[in-house]
Amino acid sequence: MATFTEPGLTFDDVLLVPAYSDLQPGDADTTTRLSRGISLRIPLVSAAMDTVTEARMAVAMARQGGVGILHRNLSIEDQANQADLVKRSEAGMVSNPVTCFPDATLADVERLCATYRISGVPVIDAQGVLVGIVTNRDMRYETDDSRPVREVMTPMPLITAPVGVSRDDAFQLLKQNKIEKLPLVDGQGRLRGLITVKDFTKSEQYPLATKDADGRLVVGAAIGVAGDAEGRARALVEAGVDVIIVDTAHGHSRGVADMVAKLKANSHVDVVGGNVATRAGAQLLIDAGVDGVKVGVGPGSICTTRVVAGVGAPQVTAIHEAGLACGPAGVPLIGDGGLQYSGDIVKAIAAGADTVMLGSLLAGCEESPGELIFINGKQYKSYRGMGSLGAVRNRERGGTSFSKDRYGQDSVTSEDKYIPEGVEGQVPFRGPLANVAYQLIGGLHQGMWYAGCRTIADMHERSELMPITAAGLKESHPHDIQMTVEAPNYSRR
Ligand code: XMP
């Protein structure tokens, strides 16, 4: 016979208690940690879902000061390519620049530029020696894209700098010579890196950006435990990812703990494990050596785990319980799923989360994968659970699913034998991530002001959550009014 626990609480069940404040909302400092080794200026993480995070979203998230976790419903090679795209997107110095050979065609170069969203590439010979550069300027008036690069490029001698040039000296060289790209070469003239003016302007534009020690944007990627999960992790680490997330629906399991331990033993990147919803689940992963714990069993907007399997824990209680293990161990906690409004970020952090992972709140952004859908004149984007039939069918990728093992069903081969734990749908289009993140973080600042907390650590130590009744929740939302205009941070769900 089962035992009974205390009732669990979720976001709509609680409110932060207002407390004495000697700060303004703008004074709140949202700096936090994703994992033991990765610090973020804003506590937002985009979900490892195929309608939320590919390279474009990951770049946008890191620029805002958060981080994106590349989903794993794609081949190892494709996922590693996505990571590569992020790592090359913006950097203090690109240590491994995209290049071409002199006999490539202009069509080849145009493809490279479109893929990597760059405006030109250095040209090297078979020994890696820099022989020229081909940029938009060289190609602008060319009508025949079958011409070889050697006929169109600006050949050596070019303005170059030695490896190790300081940021200031590099900027002066770019400025004095009115150039946009500065190749870095070694004593033998071999190309060793590239500094671009875009990276200087981006630094000014995105002062909070999450960057690694080389000035590249930080990115994470999800893996599972089945199939060639270790090979996937290796390929991702080679592509430069900063954190691997062992992402399953049931992290309180031997498979996840073993995978965490193996990865920790064999790689230098941070390893996050999940998902769990209890103190014991978090402790298992902490004991396995994890650098971060992801919490959430069934709170997601597209999840049906709780109704299909009858299992889960309301998210505020789950975060709080897992936090009882993570806090003393100094292991950051990611509250994953179930957030509908910016106030839920405030509540998740108060309950013990260091960051929150968002799916539905970000799936409508311009940067999420997928096209705009028009319905009755309104714009939407599709959003689906990774355990939904659509994700398992994965038509976009030729019917191959890499997400079934998240739900322990990797051995299921036919669709009618699959037990879905998620649904497919759509969310309203919300425009660029920058605007969405601005509202979400703005709400967090307001919440920290009301709670009298300057930092995330203060939130953990001092904030108080009050359980409320259904009447309290009704009072919280607009009531006794016919809403005619939606606010940018509020709409009825
Ligand atoms: P939100 O509420 O932000 O939740 O949309 C995103 C999180 O939901 C999880 N997820 C799923 N859970 N079945 C589930 O039970 C699914 O099909 C599914 N897909 C995603 C995941 O943790 C994600 O970050």
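**Contacts, cores and sheets in a predicted model**

Good morning. Among the contacts in the protein with a separation of 6 or more, 64% are between residues 24 or more positions apart, a contact being heavy atoms within 4.5 Å. The structure is a predicted model, in which local features need pLDDT of at least 70 and side-chain atom pairs count only at pLDDT 80 or more, while totals for chains, interfaces and linings use all residues. Residues are numbered from 1 along each chain as its sequence is written, and side-chain values use heavy atoms, with hydrogens and water left out.

I turn to the overall dimensions. The C-alpha atoms fill a box of roughly 75 × 55 × 50 Å along the principal axes. Of the 493 residues, 52% count as buried, that is, under 20% relative accessible area with a 1.4 Å probe, protein chains only.

Next, the interior. A nonpolar core is a set of buried Ala, Val, Leu, Ile, Met, Phe, Trp, Tyr and Cys residues joined through side-chain atoms within 4.5 Å. The largest such core has 108 residues, and Leu362 is one of those with the most contacts inside it. Helix H16, residues 433-451, provides the largest share of this core, 8 residues. Leaving aside residues up to four places away in sequence, Leu362 touches Ser46, Val52, Met57, Met61, Ser368, Leu433, Val436 and Leu440. A second, separate core of 13 residues includes Cys100, Val109, Val123 and Val149.

Now the strands. The protein has 18 helices and 21 strands; these are DSSP runs numbered from the N terminus, helices being H or I of at least four residues and strands E of at least two. Two strands pair if DSSP finds at least two bridges between them.

Strand E7, residues 130-135, has 5 of its 6 residues buried. Strand E6, residues 120-124, runs antiparallel to E7 and is joined to it by 5 bridges, with Ile124 opposite Leu130. These two strands form a hairpin with 5 residues between them, where Gly128 in the turn has a positive phi of about 85 degrees. E7 is also joined by 2 bridges to the antiparallel strand E8, residues 154-155; there Ile133 stands opposite Thr154.

Finally, an open sheet of 3 strands has the order E9-E10-E11, with mixed pairing. Its edge strands are E9 (161-162) and E11 (191-196).

Notes. Buried means under 20% relative accessible area, exposed over 50%, partly exposed in between (1.4 Å probe, protein chains only).
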